[in-house]
Amino acid sequence: MKKITTALLCCFLATASIFAQKYVPSPENLKARQEFDEARFGMFIHWGASSVLGDGEWVMNNKNIKIKDYQRLQRAFNPVDFDAKTWVGIAKNAGMKYITLITRHHDGFSNFHTQYSDWGIANTPFKRDIVKEIADECHKQGIKICFYYSLLDWYRTDYPYETGKTGKGTGRTEKSNYASYLQFMKNQLTELLTKYGEVSTIWFDGHWDQLDNDHDKTLQSKIDWKYDEIYSLIHKLQPQCLIGNNHHLLPIDGEDFQMFERDLPGENKSGLSGQEIGKLPIETCETLNGSWGYNIKDNSYKTPKELVDYLVRAAGYGANFLLNVGPMPNGEIQPEFVERLTKVGDFMKIYGSTIYGTQGGFVRPQDWGAVTEKGNKVYLHLLKQKEDKWMIKIPVAFKTAKYFKSGTPVKFQKLDNNFVVFDINPAQRDELDTVIELEK
């Protein structure tokens with residue numbers, strides 16, 4: 001009898017496992033995945049009431065600001081110089097194909113008009129619906145709009161802050177109620193997916209708050225987030241809308257793309273990644289200086305060369321690059337950001353076709369650069385190679401080689417075992433990226 005019971009239990013668990021993996025992406029979703037995987041470059045925008053303090057988007061947590069004090073920012077946030085057309089135009093001019101906008105960050109402040117919270121843009125002196133204005137402008141200018149939405153909250157008392165790692169010093173004493181908080185999130189997500197037109201992705205963040213650390217990938221969350229309910233709601237409201245979750249893990253059932261924070265896929269220099277690379281489209285995000293939200297003291301701006309290197313290497317992994325800006329509290333994207341984005345845009349106007357719609361090449365990105373491929377073309381991106389002769393092993397047959405920018409032929413010699421030596425003409429070098437196009 002015991003053997004039979006054990007057998008039945010194993011059968012039940014196996015069956016349950018099969019039924020648990022029930023998400024089948026719709027045809028619209030699969031098409032959206034392909035479009036997302038071809039985009040390669042997007043703008044991340046961290047902005048909200050926290051920007052007023054000029055100390056990053058984590059200031060409420062980092063300074064242990066009590067809710068009753070932090071609420072005063074609602075009367076101080078008045079971005080009179082905000083102009084959605086300008087913001088979207090900056091992204092488009094930089095060669096970006098989509099914008100991922102903070103709709104609600106960890107401090108709980110809603111950048112959109114919501115009937116489920118008084119803590120948001122509608123009750124500031126500015127009053128206007130920032131999310132609507134940017135979404136409308138994205139639709140006008142042909143840029144995809146994506147919404148970032150925080151799973152954790154330092155403001156609301158129903159969020160399970162007792163078991164969370166962050167937000168301990170904001171003054172909450174009431175017992176949390178995740179069922180209430182879950183319904184609140186569902187209500188807001190419904191608003192975001194019914195009031196702002198087509199939404200390309202929902203970008204979740206905060207899962208890690210309910211883990212003891214970000215290093216042990218076997219840890220289980222201290223709460224059941226009910227992702228099956230959240231994800232099914234999104235896919236029901238907008239089947240094409242892609243779901244990603246910055247949990248620093250392999251994608252789980254119901255997700256449509258995988259993200260990496262401040263790391264190229266497969267690397268773990270920041271300590272936030274380390275997860276395996278799955279089979280879904282992938283994206284990596286990074287800041288333009290050292291901060292996500294506006295930080296008045298942060299002048300560590302990345303150079304155009306550093307940004308192009310990251311973009312090209314991401315493409316070499318077959319990943320999108322989501323580059324962040326943290327606008328000033330008055331509504332301007334600061335000139336240092338615009339200047340660098342403009343230079344990256346100038347690069348993309350010339351070399352965009354070697355990035356957009358490509359796949360990662362036959363070799364992972366190396367110290368010298370990266371390889372991208374599209375159709376019968378292979379693009380060798382020489383980011384750091386300085387010698388006049390350069391040897392590489394190319395496991396695919398090709399007929400011709402030329403400098404992508406000028407079309408001038410590149411001299412080369414094929415050796416044994418698929419090694420090829422290229423003669424690099426110094427006059428053809430590009431300080432940002434010397435690209436050689438091979439035709440198969």
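The model is predicted: local features need pLDDT of at least 70, side-chain atom pairs count only at pLDDT 80 or more, and totals for chains, interfaces and linings use all residues. Residues are numbered from 1 along each chain as its sequence is written, and side-chain values use heavy atoms, with hydrogens and water left out.

Start with helix α7, residues 130-141. Helices here are DSSP runs (H or I, at least four residues), and strands are runs of E, at least two, numbered from the N terminus. How far should α7 span? At 1.5 Å a residue, its twelve residues should span 16 Å. That expected span is 1.5 Å times one less than the number of residues. The end C-alpha atoms are 17 Å apart, which agrees.

Just after α7, G142 takes a positive phi of about 75°.

Now strand β3, where I145 is found. I145 is buried, at 1% relative accessible area. Its contacts (heavy atoms within 4.5 Å), leaving aside neighbours within four places in sequence, include I134, A135 and C138.

Last, the pocket. Among the 25 residues lining the largest pocket, Y227, D228, Y231, I252 and D253 lie nearest its centre. A pocket is an open set of points on a 1 Å grid over the protein atoms alone, where a 1.4 Å probe fits, with protein on both sides within 12 Å along at least five of seven lines; lining residues have an atom within 4 Å of a point. Helix α9 gives the most to that lining, with five residues.

Notes: Buried means under 20% relative accessible area, exposed over 50%, partly exposed in between (1.4 Å probe, protein chains only).
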